[in-house]
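Hi everyone, thanks for coming along.

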Amino acid sequence: MMVESCDPQLVIAYSPVSSACGDICLGLAIISGLYLVSFLSTTKDEFFGTSDYKWSIKVIISVQSIGVALGSIAPLFRFFTSNGNYIFSKKWSKNELNVFLVEKHWVQRLQQWKHNHIHSHILGRECNIVLHILKSIVLNLCIALHITVLVICKIICLVPRTFLILLSCCWYFFKSFLNSFKKVADVSSSNASSEIDEYRRYVVQIEDEAKLSKSILRNMFHSISRLLKEYEEKESRKLMKLLEKSTGFNGVLEFDNTKVPPICPEEIHNCWSLILVTLTATAIALPNIGNDHFKGLLSAMKEGLQFVRHVEECLNVDDDLVNARKASRHAWTEVEVYGTWQRIDLQKKARKGKTSKEILKWLGHEAAKIVIQFKSNKNTSTYHLVNKFIPASSMYRISETVLLYCNEKENWPRDEELFEWISTIIADLLLACFTNLERVIKVKCHHHAIEKRGDNIRIAAQLLGKSKNILKILKARQLPDIDQDSMAYIDKWRALPMSQLSNGVHNHILNDGASSGGVQRGPPSFNVSHVVSIM
């Protein structure tokens with residue numbers, strides 16, 4: 001509601017300058033029309049006379065009249081539409097008829113500049129006094145000119161505004177006369193009216209008396225509702241199917257085992273998307289897995305990474321994570337489009353009949369080779385850091401972690417079981433990242449730049465519509481004791497004890513209704529009305 005009502009186009013269209021332009025266009029169109037009628041009613045000899053242009057005068061006047069008519073359409077429609085969007089109250093009508101009343105907001109910025117002190121480096125008190133006087137004179141002239149233009153525009157708008165006020169009064173009395181004959185009230189319309197009145201307090205108004213009409217408020221509300229419904233229908237079923245595999249946040253710790261020896265002393269900073277892409281590449285490399293499972297995982301990850309990237313771009317403000325995010329984007333393009341990692345066909349070994357153990361060792365070996373080669377090369381570039389070293393370091397630790405997990409089992413797990421275990425880790429990581437969605441939506445709604453605010457609100461509506469069921473899943477979770485700023489970083493999650501990350505669903509069910517020691521941070525299940533409250 002706030003974004004729609006503070007749209008610069010709507011505010012400018014209602015301004016006296018825009019209305020005066022519409023009036024001038026209307027006057028010129030009337031004059032041009034009368035002139036064209038008089039021209040058509042005049043005989044040929046009387047009009048052409050002794051002119052050398054003869055018959056071409058008729059063509060010139062016709063073309064000019066068409067141009068005036070076409071040029072007047074847009075300003076006239078803008079004038080009538082903008083005035084029709086407001087409710088004509090008694091106080092508002094009185095202010096509109098007072099053409100010499102100039103509202104404070106028209107000259108507020110000029111007044112601020114006038115009273116602000118100029119920090120000048122010119123030596124001498126006399127020079128500063130002269131400079132201050134000159135500034136005041138120039139700004140006073142600008143204020144006077146600004147007020148004069150506004151008053152002239154209001155005088156030009158006086159006749160059509162008076163006509164619109166009289167027309168609205170006649171319509172009000174006519175509607176009251178019709179309502180007196182109605183005995184049965186329309187319950188649905190009364191409910192809709194009360195709903196519109198509820199959201200009226202979120203409308204941004206330049207003037208308190210100039211209130212938007214119910215029709216424009218209803219259109220705004222319906223546009224927001226349609227937008228949310230549209231995005232709810234686009235919700236990824238594959239992503240929801242993947243998230244259903246999660247029973248806690250254990251995957252935050254399980255994807256990287258501390259027993260894996262470091263290949264170099266320099267540690268990379270983990271980000272959500274890099275870990276998720278690397279785990280996806282590892283799962284795709286496994287043998288004896290049906291293509292439908294691979295396609296389902298890729299489809300779910302494509303949708304999930306859209307949410308993850310919004311979280312990272314809004315909340316991961318550390319410069320150290322910029323290269324990790326770039327590396328994840330490059331790696332995901334390879335995995336999704338080409339089915340490769342570092343230009344290596346992920347299904348190459350599986351097609352040759354290699355076992356999952358051999359494939360995991362091969363991935364770890366290739367990743368270690370890239371890391372060692374990068375560290376041994378003294379002339380390294382940012383390109384190789386982003387596209388080689390960071391993805392390889394992540395793949396080395398994850399592939400070695402999966403090997404450790406399998407070796408610790410009494411029997412080596414079947415390929416399907418291993419694929420499901422990696423998929424569960426991915427689901428845990430996605431849900432841990434999605435705990436930040438509520439905060440991301442709020443950040444998107446509070447963008448200060450007016451040129452980006454509308455787009456950010458639409459992105460927030462998209463996130464809200466698509467994440468409705470995701471937020472319901474998180475509502476059933478007992479979230480760990482972690483502050484909001486730390487919640488956006490995967491390394492902060494890894495610092496938590498396992499007891500806070502495991503079996504989140506069951507803990508919540510057991511403790512439901514009872515008072516807990518920590519603060520409940522579970523995001524609420526949103527509906528359409530929450531959009532307005534967020535904004």
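Let me start with a definition: I'll call a residue buried when its relative accessible area is under 20%, exposed when it is over 50%, and partly exposed in between, using a 1.4 Å probe and protein chains only. Two notes on where the values come from. This is a predicted model, where local features need pLDDT of at least 70 and side-chain atom pairs count only at pLDDT 80 or more, while totals for chains, interfaces and linings use all residues. Residues are numbered from 1 along each chain as its sequence is written, and side-chain values use heavy atoms, with hydrogens and water left out.

Now the overview. The protein has 535 residues, and 42% of them count as buried. Its secondary structure comes to 28 helices and 4 strands; these are DSSP runs numbered from the N terminus, with helices (H or I) of at least four residues and strands (E) of at least two. As for contacts, meaning heavy atoms within 4.5 Å, residues 24 or more positions apart account for 81% of those with a separation of 6 or more. The protein exposes about 30500 Å², and carbon and sulfur atoms supply 58% of that; the areas come from the Shrake-Rupley method with a 1.4 Å probe, and for residues only the protein chains shown count as cover.

Let's turn to two loop residues. Gln 342 sits in the loop between strand S3 (340-341) and strand S4 (344-345). Its phi is near 55 degrees, a positive value in a residue other than glycine. Most residues other than glycine have a negative phi. Is Gln 342 buried or exposed? At 10% relative accessibility, Gln 342 counts as buried. Asn 288 also has a positive phi, near 60 degrees, and is found in the loop between helix H14 (272-284) and H15. With 61% relative accessibility, though, Asn 288 counts as exposed.

On to salt bridges, meaning a side-chain nitrogen of Lys or Arg within 4 Å of a carboxyl oxygen of Asp or Glu. How many are there by this rule? The count comes to 11. One of them pairs Glu 313 with Arg 329, with the closest N and O atoms 2.8 Å apart. Glu 313 belongs to helix H15 (residues 291-315) and Arg 329 to helix H16 (residues 322-338), 16 residues apart. Both ends are partly exposed: Glu 313 at 48% and Arg 329 at 40%.

Another bridge joins Arg 439 and Asp 485, at 2.8 Å from N to O. Arg 439 lies in helix H21 (residues 437-445) and Asp 485 in helix H24 (residues 484-487), so this pair ties together parts 46 residues apart in sequence. Arg 439 is partly exposed at 24%, and so is Asp 485 at 49%. There is also a network, in which bridges with shared partners join Arg 414, Glu 416 and Glu 417. Within that group, Arg 414 and Glu 417 meet at 3.4 Å, N to O.

Finally, a look at two helices. Helix H19 (residues 382-407) bends by about 25 degrees at Phe 389, and Pro 391 follows within four residues; the bend is the angle between axes fitted to the seven residues ending there and the seven starting there. In helix H23 (residues 468-475), the buried residues are Ile 470, Leu 471 and Leu 474. They cover an arc of only 95 degrees around the axis, which puts them on the same side of H23; that arc is taken from the directions from the helix axis to the C-beta atoms.
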